[in-house]
Structures are given as C-alpha cells and as structure tokens.
Amino acid sequence: MFFIICAFIVLTNPETGRDVAGLAQKTQRGFVDESVMTTMYLINARQDTVVRNLKNLTIERANSEDYSIIQFLNPPDVRGTSLLTYQNPRGDDQQWLYLPELRRVKKISSRNKSGAFMGSEFAYEDISNNTLDRFEYHLLGEEMYENRLCYIVERKPLYENSGYLKIKTWYDKKNCLIRRAEYTDRKNSLLKALTLSDWQQYETGTWRANSMRMENLQTHKISLLRFTNRLMKIGLQENSFNKRNLQRLLN
Amino acid sequence: MKTSICLLLISALQYANVFAQNLQLSESTNLCFRGKIGFEHWHFPRKAPTSAMNNYLARPSGQLDLTLQFKAPFEVRCNQRIELGFNNANQNKWQVEDLYFDYFQSWFEARGGYQTFSWKTVESVSQADFLNQIDLEYDLFKPRKLSELSLRLRFIPASDVEQVIEIYYMPRFRPARIPGNKNRFSFGLNIDNNEASHLYQSPGKQWRPQIAASYQRPLFEQLLDARFFYFNGYNKFPGFTPLNPNNPLNGFAHYYHLIHKSGFTFQGEMNALLVKGEAVLTAYQKNVSNQRGQTIKPRYMAYTLGFEHTYYNAFVDNQDVGLIFELIGDTDAGKSADELEGFRPFQSHLFGGLRYAFNNIGDRSVLLGGFLNYREGDMIFSLEYSERLAETFTIYLSYRDLFVNTPPLDQFFHTDRFMLELQYHF
C-alpha cells in the first residue's frame, strides 16, 4: 500500500490546483482507523500559555464519510465531554455533544464552521476533514518555502458559513504535503497563518503532521497542536461510533 | 463532623493532584476520577413570610466521581456528593448519584445499581425526564435528580440506522423530598417527610417496583433523533393527605399515585434551527382526590416544544449569540390549581433565552432567560454568568426574579434569589 501511494504521488504530474489538492488528500487517506492524543497550547499575545488535552478516535469510511469522536480530557470541569461527528462531504456534518454534568447527549449545529474550536485559533473548518468538492482551486505557481519547492494553490470555500474568503496553501512539490496555509477573512484581510511540521508516514501509508501551529496575524495569539501516541489500523469498530459510547470515558 | 468532612475533602484534593485524573492500577485496570469542591451562597432579598425561613443559604459541597475501567467491556462507577447546610440541617446530604456496574457489547448492554438517567431534550421544563426522583429541597425551580436503584438493559439490533431498545426495572421506589419549614420553597403544610408515614396507591399501600421501556431511532433520513417510551409506576410528586383525618393541623403525609406515562421526545437540525420537543401523556391508574376533595381520574398531555438558533460571530469575531424559544403546555391548562392533582406550575408558559458565549479560554457566558405565563401574565426572569478561572476554578453567578400573582406559584413570590457558586475542579 505504502509503495503504491508513493509511486502514485511521484508519477502523477498535477496540472491544476484541484489535482494538487487531490494528491494531497490521498496522502491523508488509507488509515482505516486512528487513535491519537492531542495536546493544544493556547498562547496569548503576552505569551501566557494554557494547555488542553484531547483524545481523538476516527474511523475511515468510503467517500470521506468518516466518523470521529473527540473527548476532552481537561480542563477538569469539562473532562468527559465528548463530540461525535458524522462527516457528510455533500452537506452539513451531523454532530452530537455529550455533557457529563447533565448526562445528556445534545444534538448540536454543525453550521458553526468559523467558530473557534475550544477557544483556540483553530476554527472548526480548519480541523475538519475538508473534501475536494468543498473548494474551488486556482494553481498560482511554484515557490520556495523553507528550502522546499512548493505548489501555491488558492482555495476558495464553496460551503456556506465559512469564515474565509480564500486560503493560500503551500504544497510540497515532492510529496504534496501541506507545509503552510494563509487564511484571508471575509473582509479580505490576512487573518491567520498555519504551519505544519513533523510529518510522518505511518504503516498504512498515511501521512500525518504531528505539529500544527496557527498564528492569528491580527491578534498575535498562537495555538499549537501536538499529536502523540498516534496509532492506525487498530481494529476500531464502526458501530462503536455512536451516541451511547460518548458517555464512557475512552480507554 | 463538619470539620472531619472538610479534612476528608482536602485530603481527597491532595490525592487528586497526585493522580492527575487517571490511575493505572494494572495493565487491564484503570481508575478514572474527577471531582469538585465548592461553596454556594444564596441570598433572598425579599422578606420571608414566616420567621422560621432562612434569609440566606450557605452550603459547602464536595463531589468525587470514580470510574474503574477494566480491559473487558466492563466498568464500575461510584459518584457521590456531600453537602453541608450551615443554617439548615435538612441541607446536610450525602448523595450517591451513581453506583453501578456496566457491561457493554456492541449489541447488548446491562447496567445495574443506583443510576441517574436523562431523557431530556429541551432546555426549560422537561416533561420526559421523570425516571429519577427529584430533590425539591435543593431548588424548586431547578431540582436535583436523585439516583434510582435500577437495572437497565439495552438491545441494539443490527441495522443501517442506530436503533436502541431499553428496558428499565426499578425495584425500589424513592420518595420525594418536600422542602421543610426553614426552606424558602416550603409549601407551608407541615408535611411529614418520614418514609414510614408515606402512603402508596398500590395494594397494601406499600410501594411496588416500577418499569419503563424506550425505543430510540432517527427519523426522516436521520434528520431527527426520536425516542418513544412507556412508564408504569408512581407519580414522582406526591399528593398530600392528612396524617390525622380529624385534625389536618397534625400535618400531612405523602401519597403516591400509580400512573402510566407514555410519549416521545425528539431533537434534530432543520436548516439553521435546532428543533426539540417532548410530549407525555399521563394517565392515572385509579381515581384520586383533587385539592377540592373531588374524585377525579386525571389524564393529560403535557408538552414542551421549541427551537434554538445560534448567530455565530454575531457582534464580535468568535463570540456567539444563541436564542432559545420554547412553548410549555398542558391539556389541563386553564383549570385552577385546586382542580388538579399534584403540583404543576408550568402549564401555559413561553420560555425565551438569550445566551452570549465569549468562546474564550475560560468559556465565559452570560444567559438571560425568562418564563411568561401567557394566560395569567406571571413572569420569572433569570440572569446567569459563568466562567472558568485559572483553569481549575469555576464561578457561577445568577439572579432570579419572580413576578407571580396566581396559584400555584404565587406562594413562592418571596423566593427571588441571588446565587454565587465557586468550585474547584480536579
């Protein structure tokens, strides 16, 4: 599988922005299922830092209709709060939130694409698995970024409620991995810059960035995501991704 | 006693920091825990109708929630809370909120022990959340649930959509806690809360086990999550009967009536709205007396229907405004309180809420809410503020104001309340 994907990436010569994005997306697929611990560092302009911990479970499904559970491990008052997402590439995702204090599974609106995820600089649309058809693409050219030759692709969200007018993205020409993205807000002002690093290829052939740094260029706040203990193809069952299981602390 | 409990709580706090919410006991056993230690202060600005009633309430509390997880699909949970009432001994409580074993497979689950359930889908007055008894002594308008000794079996048939069949068996009935004379929410009837004096409509005037069943599935191409249910047991809020029929001044005993309840709940997303609702048909199994002494056999449908809409980035980037509207109704609406059996304060109300979420690190939010009785004009307003401070503390401030002139809520006109709650979480 690994060699097939590598060969595919090397042999295919993208001609359009959509081709580049398509190849980039292929590097992210094939994981079957995934478990990862996430540490989120929220750094304000005075460099004060707050840390959040999450556990993510995802199961890969056909047509990118993946299921995922995010469980909040801290701060302690929200420990056990869990978010179940059924991705829908052709429309709005379905989401449910389990609130342990109330013992209640609450259906929530997934239209909040531009809202801050856990008070961070990441919006929900930045961390969700955005499928190809959700954007319009323009290949702007090639450029060196940190000693790597990159494709520059401008993506414009086609879905409703996005907080962005466009996203300028640097794709590594060698393997189509995203190295950087710059987000322009609806007022046409440069809003945020995302840097991805610590890329690692796993046994399933899937690539993942184990470090993501989002800087708000207007407020100078920074959010840093670090991923550890990432495991793939561990035998998660599709029927475990349901509202009932949100109520249990994940082992 | 109070000092030793405080010391115990402080010790628990010390251990909490050491264990950092997770303790690996063995390769296959894990102890997860969370808890809080806090303090509540209530102040009632209006003069009480009797000198016995408290003008304030000071209540330290602690909670420890332990879950022992095994490698196998099996876990045990023990979640308990301690509260101390500084000026009202009735507020001294040790509550086991959960104490159960849980066995779960993909197609079957069994959970037995003291449990707290939630069938609620609405935000204001839930009609469907009746499996657990409630503690009215805590707060008449936001009563706490009391855990029930119960066995819950879940069956999950294999199908394209998630379907869940649940069966509940509750072998022991837990009576209500009616506020005492010191409590601002007292009914003023000298009600005897001693369990030995309670009466039940079942044979022998003793309680009998209760049962319930529910079926959950999505409807309309997964647009709505629906639950259909049936319950056979006791009305949780009792009627009151004189301890001595010849002399009502001696006080009143609880009288629990047998009822059937059936209904449904739903919640779902329709365009930009989250819609939700609950409807419950309550049918008494036998005749009862209403507050006028007339024999009746109540049968009524109570419902709460509403929607929620959020304006994202409404005024400031990353800050949201949520609006909630709910209609609370009852097919007995319009009858006077003494024609009814039991205490049913919300029968013809509109609830409106506005929540401003700052979405900051501390999850600061402000909530303005209100009930309007559209028949009588009575109103209840509340303003709430909550925030997390220094990661491990939370502060909650609220003020509730009542403008009530009609029964049955008019007797609580003096329960306007300011509340401060500080909690340390671990």
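**Figure 1. Charges and overall build of chain A.** In chain A, the mean positions of the 37 positive and 29 negative charges lie 5 Å apart. Lys and Arg count as positive, Asp and Glu as negative, while His and the chain ends are not counted. Each charge is placed at NZ of Lys, CZ of Arg, CG of Asp or CD of Glu. The model is predicted: local features need pLDDT of at least 70, side-chain atom pairs count only at pLDDT 80 or more, and totals for chains, interfaces and linings use all residues. Residues are numbered from 1 along each chain as its sequence is written, chains are lettered from A and ligands numbered from 1 in the order in which they are written, and side-chain values use heavy atoms, leaving out hydrogens and water.

Chain A holds 3 helices and 13 strands. These are DSSP runs numbered from the N terminus: helices are H or I with at least four residues, strands are E with at least two. The radius of gyration of chain A is 18 Å, close to the 18 Å from the globule rule for 251 residues, so chain A is as compact as a globular protein of that length. This radius is taken over C-alpha atoms, and the rule is 2.2 Å times the number of residues to the power 0.38. Along the principal axes, the C-alpha atoms of chain A fill a box of roughly 50 × 45 × 30 Å. Of the 251 residues in chain A, 61% are buried. Buried means under 20% relative accessible area, exposed over 50%, and partly exposed in between (1.4 Å probe, protein chains only).

**Figure 2. Overall build of chain B.** Chain B contains 1 helix and 27 strands. The C-alpha atoms of chain B fill a box of roughly 65 × 50 × 50 Å along the principal axes. Buried residues account for 52% of the 426 in chain B. Among contacts in chain B with a separation of 6 or more, 58% join residues 24 or more positions apart. A contact means heavy atoms within 4.5 Å. In chain B, the mean positions of the 41 positive and 43 negative charges are 6 Å apart.

**Figure 3. The nonpolar cores.** A nonpolar core is a set of buried Ala, Val, Leu, Ile, Met, Phe, Trp, Tyr and Cys residues joined through side-chain atoms within 4.5 Å. The largest has 42 residues, and A:F72, A:F117, A:Y171, A:Y183, A:L194 and A:M212 touch the most other members. Another core lies apart from it, with 33 residues, including B:L57, B:Y234, B:F351 and B:M419. In soluble globular proteins, nonpolar side chains tend to be buried together.

**Figure 4. Surroundings of A:L194.** Not counting residues up to four places away in sequence, A:L194 touches A:F122, A:R179, A:R180, A:A181, A:Y183, A:M212, A:R213 and A:M214. A:L194 also belongs to the largest nonpolar core.

**Figure 5. Buried B:E83 in a strand.** B:E83 sits in strand 4 (residues 74-83) of chain B. With a relative accessible area of 1%, B:E83 is buried. Beyond four places in sequence, B:E83 touches B:R59, B:P60, B:S61, B:Q91, B:N92, B:K93 and B:R144.

**Figure 6. Buried B:I178 in a loop.** B:I178 lies between strand 10 (164-170) and strand 11 (191-192) of chain B, in the loop. Its relative accessible area is 0%, so B:I178 is buried. Outside four places in sequence, its contacts are B:L136, B:E137, B:F187, B:I191, B:N193, B:F237, B:P238, B:F240 and B:H254.

**Figure 7. Two cis peptide bonds.** One joins A:N74 and A:P75, with omega about 5 degrees. A:P75 is in the loop between strand 3 (67-72) and strand 4 (82-86) of chain A. Another joins B:P407 and B:P408, with omega about 0 degrees. B:P408 is in the loop between strand 26 (393-403) and strand 27 (417-425) of chain B.

**Figure 8. Positive phi at two glutamates.** A:E146 has a positive phi near 50 degrees and is not a glycine. A:E146 lies in the loop between strand 7 (135-145) and strand 8 (148-157) of chain A. At 58% relative accessibility, A:E146 is exposed. B:E221, also not a glycine, has a positive phi of about 55 degrees. At 81% relative accessibility, B:E221 counts as exposed.
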